[in-house]
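Here's a quick briefing to read with the model open beside you.

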Amino acid sequence: MADAYDVVIVGAGIIGLTIARHFLISSDLSVAIIDKELPCSGSTGAGQGYLWMIYKTPGSAIWDLSQRSHQLWKMLAHSIEEEGLDPMVELGWKNCGSLLIGRTEEESDMLKGWVKQLCEAGLKAEYLSSNELIRKEPDLLVDKYSAAAFLPDDCQLDARRTVAYIEKTNRNFAAKGRYTEFYNDPVKRFIRSDINGEVKAVQTSNNTIYSKKAVIVAAGCWTGSLMQDLFRNWEMDLHVPVKPRKGHLLVLENFNSLKLNHGLMEAAYLKHSTISGIESSDPEQNLSVSMTANIDAAGNLQLGSSREFVGFNTDLDESVVSQIWKRAGEFFPKLKTLSLPDLSAIRKVRTGLRPYMPDEKPVIGPVPGLSNVFLAAGHEGCGLSMALGTAEMIVEMVLGYPEKVDSTVFALHKVC
């Protein structure tokens, strides 16, 4: 079968879906979206749903994009309210605030400087002493060196509810002939024009989908290997160094034994220190586990998070789950009184592959030498957080609009 659309998007994670949405609501272009599986099959469905600025560094490459994206998420939640709907129901939206927790004198001093940076960057941020922190989170273990950075305006959402909402929005354009989904349909190759050398179509297992204006690849951690496969016979070496970084998330459904008032993250999360005794001979494979905790919109306790490089393996590793539980117990004494095996009836574990880039910033922009092919990948654990800003940026590039956030820092240059 052959179909033609203005824009063809490869990848139906949160990045690809929000790019499709932005084209549909801000232009009159038609959009097709392709994926080898279904939405939320990858890293999008495995995350905790953080829309947090608290662990992002002011002045870093991703700072402006993160700020813009957070602004757009809040605008979306507000627009849902104006329609008479509940953002909690539609998106799993919670204006929970976030706490970055320090437990040593050194970390507490670091957090004072961190709060100063965040305030100077225009955010509302507070430094909490141990006495102030215990009042915020009574179930948290707090001693004399404990402290926190607090961002009261940080929010979170539920990825599955959000994806369902965005899909519903996109599908409203299907009846107008402007939107089609090609799910469970892996991409096999790009078809190149004999006239100008641009990509004119995407061939999948079941369809040939022609693009009249742009092809956007937003395939998460598969983007690098996919692009190599697609360009292998073109005498063009395209190197996109995105690779999978595996994570586990422990979810306890309707868990009432621990009360949390905010989203929490330990300060050591910023360093991703390797767990003692679990070092690998390959430093990149070393496992790191840092405490993150939040309650989602359904009342489930979500505990994370782990990081490790094990290729595209998404198998559940019980030893990693045990490390997450152990780390959480060091912050929440109530958890130490419980046995994880005894919670098997309410326990779920999500595993996913974050699209990691060595320089810690996504690649967003055109492929050099191919003016109609764009990439949007490599957001690591911040895909949800940066999705709407990324979508806006891609649409501005394709349509030639002035950019609200400078995209230069995200450009891809390595083409031989």
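Is Glu 318 buried, partly exposed or exposed? Glu 318 comes out as partly exposed, with a relative accessible area of 41%. Keep in mind that this is a predicted model.

- On the domain 1 side, 17 residues take part in the contact, and domain 2 brings 24 residues to it.

**What sits between the domains**

- Interface size is often quoted as the accessible area lost when the parts come together.
- Here, domain 1 and domain 2 bury about 1,500 Å² between them, and 57% of that is on carbon and sulfur atoms.
- Three residues stand out on the domain 1 side: Gln 48, Cys 221 and Glu 380 supply 41% of the area that domain 1 buries against domain 2, more than any other three residues.
- Two salt bridges are counted between domain 1 and domain 2.
- Glu 380 also turns up in a salt bridge with Arg 307, at 3.3 Å from N to O.
- Seven residue pairs make polar contact across the interface of domain 1 and domain 2, with both residues at pLDDT 80 or more.
- Helix α2 (residues 43–46) gives the largest share of the domain 1 side that touches domain 2, namely three residues.
- By residue type, the side of domain 1 that touches domain 2 splits into nine polar, six nonpolar and two charged.

**Salt bridges across the structure**

- The structure holds 17 salt bridges.
- Back to Glu 318: its side chain meets that of Arg 347 in a salt bridge of 2.8 Å, N to O.
- Arg 347 lies in strand β16 (residues 347–356) and Glu 318 in helix α9 (residues 318–329), so this pair ties together parts that are 29 residues apart in sequence.
- Arg 347 counts as partly exposed, at 23% relative accessibility.
- Lys 36 and Glu 37 pair up through their side chains at 3.1 Å, N to O. Lys 36 is partly exposed at 37%, and Glu 37 is partly exposed at 36%.
- Asp 359 and Lys 361 form a salt bridge at 2.9 Å, N to O. Asp 359 is partly exposed at 42% relative accessibility, whereas Lys 361 is buried at 17%.

**Backbone spots worth a look**

- The peptide bond from Gly 304 to Ser 305 is cis, with omega near -10°. Ser 305 belongs to strand β15 (residues 301–307).
- Cys 40 has a positive phi, near 70°, despite being a residue other than glycine. You'll find Cys 40 in the loop between β2 (31–34) and α2.
- Is Cys 40 buried or exposed? Cys 40 counts as buried because its relative accessibility is 12%, and the cut-off for buried is under 20%.
- Asn 184, not a glycine either, has a positive phi of about 55°. Asn 184 is in the loop between β8 (179–182) and β9 (187–192), and at 48% relative accessibility Asn 184 counts as partly exposed.

Key. Residues numbered from 1 in each chain as written. Heavy atoms only, no water. Contact = heavy atoms within 4.5 Å. Buried area = accessible area lost by both parts, 1.4 Å probe. Salt bridge = Lys/Arg side-chain N within 4 Å of Asp/Glu carboxyl O. Polar contact = N/O pair within 3.5 Å; in protein donor to acceptor, adjacent residues only side chain to side chain. Helix = DSSP H or I, 4+ residues; strand = E, 2+ residues; numbered from the N terminus. Nonpolar A, V, L, I, M, F, W, Y, C, P; charged D, E, K, R; others polar. Buried < 20%, exposed > 50% of the residue type's maximum accessible area, 1.4 Å probe, protein only.
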